[in-house]
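Please examine the sequence and the structure before reading on.

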Amino acid sequence: MTWVNDVVQGILLGGYYGIIACGLALMFGVMRIINLAHGDIAVLGAFLMYLLLQHWSVSPFIALLPVLPTMILFGYVLQRLILQRSLRAGILTPLLATFGLSIVIQNALEQGFGPDVQSLGAQAGSIVTAAWQINSQLSISALGGLILGTAVVIYAALQLYLSRTTSGRQMRAAAEDPDTAELVGINSRAVYARATAIAIGIATLGGLALALRSTFQSYSGPDQLIFAFEAVVIGGLGSSLWGALLGGIVLGVAQTIGAQINPEWSILSGHIVFLLVLISPRGGLLTLRSRRGARSALSGAGA
Amino acid sequence: MSLLTLEGLDLRHGLLEAVRGVSLELGEGEVLALVGANGAGKTTLLRGIAGAHRPAAGRILLEGTDITRVPAYQRVRMGIALVPEGRRLFANLTVEENLLVAAQRARRGGWTIDAVIEAFPMLEALRRQRAATLSGGEGQAAAIGRALMTNPRLLLLDEVSLGLAPVAVDAVYAALRAVIAAGTTVLLVDQDFTRAAGLADRVVCMLEGRFVLEGKGSELTREQITDAYFGLGRAMAVAG
């Protein structure tokens, strides 16, 4: 029964990884940008909510309301001012740009909020502690369920957006061939900015999930990035949109089962699964896929 | 006034001057065939007109308006559409989505999905298929259809028949005649000189980035074209 519990808890944890991975996968799928600042951006979102809650005694969910549009706007401006320019200089420059951005965000957060560990769990009320007790061995926390449910909603909404809307079709076209997209009237840069805005918005939701279920501090970003990155790779690096959520769940389950065997193995077992996928024949195709796969990165969202 | 005017257009790939000081007047409703060997600069010229390649010098005017600095996606709305070499369909989108995505920023006009499918009946059965699964001829039909969805006044076609079966070329040219009959101005590049010249009012031959021979499709002889094509008789070409 403990094993069942581990798997269930792992799936719930995977919901969080899925949210964090989603924006990373979207930016990679649309623009081939690996956003090394993705985790830091999620943490930035968490700190903005923390800042609001210091002045305003409301639920973190209310604090999300002004922070989410702010972060979406931040994503849009980030793409237009920094990432778009760096894209012109080849594939490596955006990587360096986001690496730099990651350092800037970490240091700015350290400067602004100090090194203390924070959590928004205490302000969120009963949802953090509530749980459905299935039996003596198995309980599902309300927060975990909420996060996993949110993840599913995010992925479903993104899928609908990409496959059913005008704007989503433009995004898939620009992702596949930005040059030709321009020739049929699509402003690829505007589409890219939209993609980054969406990715940062989802990262902010991930930041809230992190702040509620755990703790965060100014240097928490890189850890989140690693989990997000592992989820994306386990899920098949852009072979389909839902792969990132699936990868997140696999990672989550690996960590909880690892922790059951030995508490020290929790994170390690996640890394091992990631490495096993990387060296497996399927993982070995990654390089091949990222060339062609770059072209089919959003194919799972299509018809 | 002519629909398209090029004035001393220079297009470069780094140090390579692909198009050198080309000037051209293209009237509304005119059909111009551009011929020339590989590397003559035809594709670069078409991409320059469409806005995908920024000129190093010279001007591009559409009905007298200077559009030299206008980005490609805005030129689409002004009525310029390019069917690129190799078709370049969005492989993971369905045929219908390929058409829809082009209609989003289109000029107003009569081209709809139904109209495109009427012009290319073979697309009817393929509407829901991914573009990656299409044959060469089907792909070319879809690519031309995609360009038509933007309701172009000036349709640029690059290597129309390249890689297509003869029967597919027939179908594509038949549809092009209908497009031309509807009053669309066409600038086409095709290795198949006979077909291209048969369709065109005027033929221009390019060599090493320059126009070296120009004449009515019906008047130019095969020898004249061959000479200009390979640069055999440059002195004569100037006279021609």
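## Helix H9 of chain A

The expected span of a helix is 1.5 Å times one less than its number of residues. In this predicted model, helix H9 of chain A covers residues 221-234, 14 residues in total, and should therefore span 20 Å. The C-alpha atoms at its ends are 20 Å apart, in agreement with that expectation.

Among the buried residues are Phe227(A), Phe229(A) and Glu230(A). The buried residues of H9(A) pack against several helices of chain A, including H1 (2-31), H4 (92-113) and H8. After H9(A) comes Gly236(A), which has a positive phi near 100 degrees.

## The crossing of H3 and H8

Helix H8 (residues 188-213) of chain A also meets helix H3 (residues 60-87) of chain A: their axes come within 7 Å and cross at roughly 145 degrees. This crossing is right-handed. The contact between H3(A) and H8(A) comprises 18 nonpolar, six polar and two charged residues.

## The nonpolar core

The largest nonpolar core contains 176 residues, and Met49(A), Leu156(B) and Cys205(B) have the most contacts inside it. H8(A) supplies the largest share of this core, 16 residues. Among the residues that Met49(A) touches are Val67(A), Leu120(A) and Leu208(A).

## Contact between the chains

In the interface, 25 residues of chain B are in contact with 20 residues of chain A. On the chain B side, helices H2 (72-78) and H3 (95-103) each give two or more residues. By class, that side has 14 nonpolar, four polar and seven charged residues.

Conventions:
Residues are numbered from 1 along each chain as its sequence is written. Chains are lettered from A and ligands numbered from 1 in the order in which they are written. This is a predicted model: local features need pLDDT of at least 70, side-chain atom pairs count only at pLDDT 80 or more; totals for chains, interfaces and linings use all residues. Axes are lines fitted to C-alpha atoms, for helices over the stretch in contact, and angles run from 0 to 180 degrees between N-to-C directions. Helices (H or I, at least four residues) and strands (E, at least two) are DSSP runs, numbered from the N terminus. A crossing is left-handed if the near helix is turned anticlockwise from the far one by less than a right angle, and right-handed if clockwise. Ala, Val, Leu, Ile, Met, Phe, Trp, Tyr, Cys and Pro count as nonpolar, Asp, Glu, Lys and Arg as charged, and the others, Gly among them, as polar. A nonpolar core is a set of buried Ala, Val, Leu, Ile, Met, Phe, Trp, Tyr and Cys residues joined through C-beta atoms within 7 Å. A residue is buried if 20 or more other C-beta atoms lie within 10 Å of its own, exposed if 12 or fewer, and partly exposed in between; C-beta atoms are placed from the backbone. Two residues are in contact if their C-beta atoms, placed from the backbone, lie within 7 Å. Lists of a residue's contacts leave out its neighbours within four places in sequence.
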